[in-house]
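Here is a briefing on selected local features of one chain.

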Amino acid sequence: MASNQAEPWLLENGKPKVLTKENRRKSVHNRSSSSLRKKSDRTLVSKIPCSLLRQFLANLQEVILGTKLSVLFPAIPAAIVADSVGFGRPWVFALSLIGLMPLAERVSFLTEQIAYFTGPTVGGLLNATCGNATELIIAIFALSQHKIAVVKYSLLGSILSNLLLVLGTSLFCGGIANLRREQKYDRRQADVNSLMLLLALLCHLLPLLFTFAAEESMATAVPTLHLSRASSVVMLIAYAAYIVFQLWTHRELFEAQESEDDDDVAEEEEAVIGFWSGFVWLVGMTGIIALLSEYVVGTIEEASDSWGLSVSFISIILLPIVGNAAEHAGAVIFAFKNKLDITLGVALGSATQIAMFVVPFCVLVAWIMGIDMDLNFSLLETGSLALSILATAFTLQDGTSHYLKGLILLLCYIIIGACFFVSNATLHAPNTVNLGLKTSTGLVFGA
């Protein structure tokens with residue numbers, strides 16, 4: 001894109017801001033989302049005499065039209081109008097979900113653009129914070145409305161979809177596309193993420209087991225809450241160590257693999273928008289995500305009643321699939337190209353970030369807001385999480401892949417989805433629901 005070289009907002013010390021070998025080390029999230037981007041033709045925009053207007057239109061073209069998901073952007077104003085005129089609440093929910101799809105991909109794009117100017121380390125920290133911004137924002141709005149069940153369901157669903165749906169689809173499709181080639185990956189990255197997920201599982205299991213171990217369920221509510229908050233602090237400390245491990249001490253384990261063709265293309269890569277433009281667009285996109293997230297949280301019960309689906313199924317299955325569709329599609333595309341290190345980085349990296357950062361962060365935010373949210377996700381949800389983590393860890397233990405591994409993970413996800421499809425868990429007062437499970441299994445533990 002030679003036209004970029006003449007634009008003042010893309011210059012650094014009078015020269016175009018070009019990716020160096022150091023800055024080309026994109027995170028796997030950026031590499032995954034980049035598969036859905038398309039090049040923009042600035043021929044017409046470059047002819048506009050007014051520099052401010054030219055800059056605005058060029059940024060608008062790159063941010064809005066620079067993705068293959070741009071056709072979904074009209075769903076955003078449609079959702080706003082539907083909510084303003086009092087249209088059917090299920091329609092507001094559906095339009096908001098559709099509108100979140102391109103926004104999640106654009107946030108990844110904007111963090112990558114900012115990383116061109118800040119360097120790979122700051123860019124990696126920014127990506128670690130904004131990588132799952134959609135899930136975090138939805139969770140915060142659900143907490144503000146005291147819908148703790150929606151928070152737990154949606155975050156659990158994000159972990160399950162990454163471990164089983166995304167990874168399973170990627171391994172299956174990659175195995176089919178490379179039947180005569182052995183697919184290999186660096187198992188060291190998988191081992192690190194598996195250990196982090198097992199630590200997260202321990203922190204989820206202990207409050208549940210603590211509840212069952214007590215003689216009276218109501219007497220365990222306060223201790224379970226304290227245990228969850230302490231565990232959340234430990235998880236955040238472990239995640240901070242994970243970030244240091246990923247970005248500094250053992251960075252080579254997490255760098256996206258690059259072929260010779262990738263290096264040739266990367267030599268020509270330049271920032272397409274300026275630093276402050278990217279920052280302003282990122283803030284704006286985050287604001288729109290917050291608005292749509294508020295719509296999603298506020299209309300999920302009406303959508304559940306209208307569609308005849310349980311809130312647990314919508315939160316655990318539909319929300320994660322739609323919210324991260326762009327990133328998930330990119331992971332599958334790289335599996336087709338036999339680049340499983342990138343695929344594993346997307347699936348396991350996102351699952352680790354949600355389990356070790358977003359979930360404990362929400363527990364502490366709820367504590368600050370005066371809301372009692374613990375890590376007891378009830379027996380069914382915690383059991384599904386445990387089996388998913390164990391199945392994924394066993395699948396990735398040998399450093400090779402074939403389509404049968406992906407098929408098994410997919411079938412696991414289908415079975416879990418069917419389980420929550422027939423489930424009719426109560427939306428309100430999730431902590432009492434969790435404790436109520438003890439009475440339904442009391443005969444087993446009391447035998």
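S378 lies in helix α15, which spans residues 378–395. Its phi is positive, about 75°, although S378 is not a glycine. The model is predicted.

**Backbone phi**
- Most residues other than glycine have a negative phi.
- S378 is buried because its relative accessible area is 5%, under the 20% cut-off.
- H146 also has a positive phi, about 60°, and is not a glycine.
- H146 sits in the loop between α6 (133–144) and α7 (148–177).
- H146 has a relative accessible area of 55%, so it counts as exposed, the cut-off being over 50%.

**Helix pair α8 and α14**
- Two packed helices are described by the angle between their axes and the distance between the axes.
- The axes of α8 (residues 187–213) and α14 (residues 340–368) come within 10 Å and cross at roughly 25°.
- That angle makes α8 roughly parallel to α14, because angles under 35 degrees count as such.
- The crossing of α8 past α14 is left-handed.
- On the α8 side, the contact is made by Q189, A190, N193, M196, L197, L199, A200 and H204.
- On the α14 side, the contact residues are D341, L344, G345, L348, G349, A351, T352, A355, M356 and V359.
- By type, the residues of this contact divide into 11 nonpolar, 6 polar and 1 charged.

**Aromatic rings**
- A pair of aromatic rings is described by the distance of the centres and the angle of the planes.
- Searching the whole structure gives 10 aromatic pairs.
- One of them joins F313 and F421, with ring centres 5.3 Å apart and planes at 80°, so this pair is edge-to-face.
- This pair links distant parts of the chain: F313 is in helix α12 (residues 311–323), F421 is in helix α16 (residues 403–422), and they are 108 residues apart.
- F313 counts as buried, at 13% relative accessibility.
- F421 counts as partly exposed, at 46% relative accessibility.
- F357 and F361 have ring centres 5.6 Å apart and planes at 20°, so they are stacked.
- F357 and F361 are 4 residues apart in helix α14, which means a separation of about one helical turn.
- F357 has 17% relative accessibility and counts as buried, while F361 has 31% and counts as partly exposed.
- F117, F275, W276 and F279 form one aromatic cluster.

Notes
Residues numbered from 1 in each chain as written. Predicted model: local features only at pLDDT ≥ 70, side-chain atom pairs only at ≥ 80, totals over all residues. Heavy atoms only, no water. Axes fitted to C-alpha atoms, helices over the stretch in contact; angles between N-to-C directions. Helix = DSSP H or I, 4+ residues; strand = E, 2+ residues; numbered from the N terminus. Parallel < 35°, antiparallel > 145°, perpendicular 65-115°, else oblique. Left-handed = near helix turned anticlockwise from the far one by under 90°. Contact = heavy atoms within 4.5 Å. Nonpolar A, V, L, I, M, F, W, Y, C, P; charged D, E, K, R; others polar. Buried < 20%, exposed > 50% of the residue type's maximum accessible area, 1.4 Å probe, protein only. Phe/Tyr/Trp six-rings, centres within 6.5 Å; stacked < 30°, edge-to-face > 60°.
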